Amino acid sequence: RSVNGFNQIHLVALFNLLSQRYLDAQIQPIRKKNEFLALSNLIDRFDPPPGTSPIFIADRGFHSYNVFAHAIEKGAYFLIRAKDVNTKRLLGNDFPDTDSFDVTVNRILTRTQSKKKHRHPLLED
């Protein structure tokens, strides 16, 4: 789709707060935008300086287990805002009823729903 003769695009950019510079960007056609994929690609392409652990900060719309996994695999930290309804889905219902809190959550992510896998998550298939 175009507006005034221009195709609409969706841009997700990686910005370094310390150097005040854009480091990378992912451009997608607006009709095929996928913020999860865009952020995952940016995280995968990022090459942190040796001995550092980057912190990826993202706004609403970027929260997904897949994005979290990409950051963890990169040895990075992340802070991603999410609406309350999405937070409950991601963390479960057992979290404090306060405006802010820190909580550690352990989740088993798998492509299978077998009971055996859930009982013994560390066993290889």
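**Core, helix and loop contacts**

Colleague: What does F62 touch, not counting residues up to four places away in sequence?
Modeller: With those left out, F62 touches V12, E35, F36, L39, V67 and I80. Contact means heavy atoms within 4.5 Å.

Colleague: Where do these numbers come from?
Modeller: This is a predicted model, so local features need pLDDT of at least 70 and side-chain atom pairs count only at pLDDT 80 or more, while totals for chains, interfaces and linings use all residues. Residues are numbered from 1 along each chain as its sequence is written, and side-chain values use heavy atoms, with hydrogens and water left out.

Colleague: OK, the largest nonpolar core. Which members touch the most others?
Modeller: That core has 15 residues, and L39, I43, F56, F62 and I80 touch the most other members. A core here is a set of buried Ala, Val, Leu, Ile, Met, Phe, Trp, Tyr and Cys residues joined through side-chain atoms within 4.5 Å.

Colleague: What does the side chain of S40 reach?
Modeller: The S40 side chain gets to the backbone oxygen of F36, at 2.9 Å. Not counting residues up to four places away in sequence, S40 also touches N66, V67 and H70.

Colleague: Switching to H10. Where does H10 lie?
Modeller: H10 sits in strand β3. With a relative accessible area of 12%, H10 is buried too.

Colleague: Which side chain makes a polar contact with the side chain of H10?
Modeller: The E35 side chain, at 3.2 Å. A polar contact is a pair of N or O atoms within 3.5 Å; within protein, one must be able to donate a hydrogen and the other to accept it, and residues adjacent in sequence count only if both atoms are side-chain atoms.

Colleague: What else is H10 in contact with?
Modeller: Leaving aside neighbours within four places in sequence, the list for H10 is Q26, I27, Q28, I30, K33 and E35.

Colleague: Loops next. Where does R81 lie?
Modeller: R81 is in the loop between β6 (77-80) and α3 (84-91). R81 counts as partly exposed because its relative accessibility is 46%.

Colleague: How far apart are R81 and R60?
Modeller: R81 and R60 are 21 residues apart in sequence, but 5.0 Å apart in space, C-alpha to C-alpha. Leaving aside neighbours within four places in sequence, R81 is in contact with A58, D59, R60 and H63. The R81 side chain also makes a polar contact with the D59 side chain, at 2.7 Å.

Colleague: Last one: what is phi of Q20 near?
Modeller: Phi of Q20 is near 60 degrees, a positive value in a residue other than glycine. Q20 is found in the loop between β3 and β4 (21-29). At 55% relative accessibility, Q20 counts as exposed.

Methods:
Buried means under 20% relative accessible area, exposed over 50%, partly exposed in between (1.4 Å probe, protein chains only). Helices (H or I, at least four residues) and strands (E, at least two) are DSSP runs, numbered from the N terminus.
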